[in-house]
Amino acid sequence: MPEQPIPFGPQMEPNSDPIVGAPPLAVNAIWDGAGFRRRRGLGVYDGAPSTAIASTAIQGLHLTANGHLLAVDSTPTARNIYDVTPGGADSLTQADGTGALRGDGRPVFAETEAIVAIAGGEGIVKVILGTQPLEASLLGGTQASATHVLANNARLLANNLTVRNRINYSDLAAGSSYAGHEDWTTIGAAGYIASDARADYVNALLDSTNEVMAFGRRSAQSFSADSVQIFASVATKDFGCSAPYSAIRFDDGIGWLDHKRRIVLSDGRGIRVASGPIQEELDTMASVEDCYAFELYQRLLAWKFSDGRTFVLDRERDTWSLWMGWNAETNNFTAWAGTATCIRDDSGVSVVGTNDGKILKLERRSVSDNGTDIVMDLRTGFVTRGSALRKWCKHVRFMFHGGDDADGHALVSWRDGFSAW
């Protein structure tokens, strides 16, 4: 009898007609080149308390050059900034509210030798790195409210929510001094550049190597440090950004959700559309404005949407999967718990902030998300085996590797048409 493998993967293509055989779904499944394995689970991280450090979701994580893990929660109005250690999480917010991150935006971090600047929609907050314990306060100067901040060419740059097409830049600062980064007005030293290639607002900023990229609603403009103009425009692309926090920097490029709801990847010059297999899913969403991106671990980029779905791209194999959590009470999928990530450059550990205020880590051998089952769901399209004639399947063989635990279960279902499985 002829035998052929069941085409479970490697590509998830929910937009394609299952009649033509496209695999429509791969939930919590990672293709490793030979077969599928369950995605990594969430386990206790020994660099943080095992219990929740906040009563709200963790919105941001950042590892400083001197080893401090900073976390930002989502407390309304004034968000706490924490210095996280194995023994606890010290809030840097003072009793009078000084040092809290204000605004409606997600935390965006920019580190210099002296400080970590954090933007969140209102005034930028600075965490002074040379003190012990760490101190947080409002960044000095007259910088306008901003949702994004970055460090480039010995300056801080931030978008301006008052004059929307401007990118403000500070004076120079280096070493343990941050005085220049609190000067945004001295003529000839600080100032602004206008993203004016298109009549567009700047709603996000990223830097790629030595260039700064400003994202508007319908365009993206790149700037490079210049000895005469401070920063000079070097390129403009007609790929806007429909979700300000969907923009992410990775090893050798950047990715974002463009104005046509496509997830695109760029090396700073060329652009590649990566979302083809899941495009219909993106097109039919009620809203994508609140989408945000994070890097899970090597080669895996994730975009999380307000409807609870987290789409994950394997850049190396160019495949997509869907990461979801599980609700044992309703016996159904729910949003994955991860809300922020940080890959430590000193250990390679992928630290994850969760929607219930915990700091965990991704574990390859974990079979659960901190005690909650990880349910993997794989579905194929219809298989013709190259012929429209009726066929007789006498048997199917599956091979599973259960690891160290023996409590896993597999359910196999089939159908010949669009009736019930």
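The model is predicted, so local features need pLDDT of at least 70 and side-chain atom pairs count only at pLDDT 80 or more, while totals for chains, interfaces and linings use all residues. Residues are numbered from 1 along each chain as its sequence is written, and side-chain values use heavy atoms, with hydrogens and water left out.

**Stop 1: strand β28**

Select residues 300–304, which make up β28. Helices (H or I, at least four residues) and strands (E, at least two) are DSSP runs, numbered from the N terminus. In β28, 5 of 5 residues are buried; buried means under 20% relative accessible area, exposed over 50% and partly exposed in between, with a 1.4 Å probe and protein chains only. In a regular strand the side chains alternate between the two faces of the sheet. Here Leu300, Ala302 and Lys304 point one way, Leu301 and Trp303 point the other way, and all are buried.

**Stop 2: the neighbours of β28**

Two strands pair if DSSP finds at least two bridges between them. Glu295 has Leu301 of β28 as its bridge partner. The hairpin of β27 and β28 has 2 residues between the strands, and Arg299 takes a positive phi near 70° there.

β28 and β29 run antiparallel and are joined by 5 bridges, with Val312 in β29 as the bridge partner of Ala302. This hairpin has 5 residues between the strands, and its Gly308 has a positive phi near 100°.

**Stop 3: the cores**

Which residues have the most contacts inside the largest nonpolar core? Select Met12, Leu257, Leu282, Trp303, Phe305, Phe311 and Trp320; the core has 25 residues. A nonpolar core is a set of buried Ala, Val, Leu, Ile, Met, Phe, Trp, Tyr and Cys residues joined through side-chain atoms within 4.5 Å.

Centre on Leu282 and show its contacts (heavy atoms within 4.5 Å). Leaving aside residues up to four places away in sequence, Leu282 touches Leu257, Arg261, Ile263, Ser275, Val288, Phe305 and Phe311. A second, separate core of 17 residues includes Val108, Ala337, Val352 and Leu360.

**Stop 4: aromatic rings**

The structure holds 11 aromatic pairs. Rings of Phe, Tyr and Trp (its six-membered ring) pair if their centres lie within 6.5 Å; planes under 30 degrees apart count as stacked, over 60 as edge-to-face and the rest as tilted. Select Phe382 and Phe418: their centres are 5.2 Å apart and their planes at 75°, so the pair is edge-to-face. The two residues are 36 apart in sequence. Phe382 is buried at 18% relative accessible area, whereas Phe418 is exposed at 57%.

Then select Tyr292, Phe294, Trp323 and Trp336, which form one aromatic cluster. Arg106 lies over the face of Tyr292, 3.6 Å from the ring centre. A charge sits over a ring if NZ of Lys or CZ of Arg is within 6 Å of the ring centre and within 35 degrees of the ring normal. Arg166 is placed likewise over Tyr192, 3.7 Å from the centre of the ring.

**Stop 5: cysteines**

How many disulfides are there? The count is 0, a disulfide being a pair of cysteine sulfur atoms within 2.5 Å. Select Cys291 and Cys241: the sulfur of Cys291 has its closest cysteine sulfur in Cys241, 8.7 Å away, too far for a bond. Cys291 is buried, at 1% relative accessible area, and Cys393 is exposed, at 56%.
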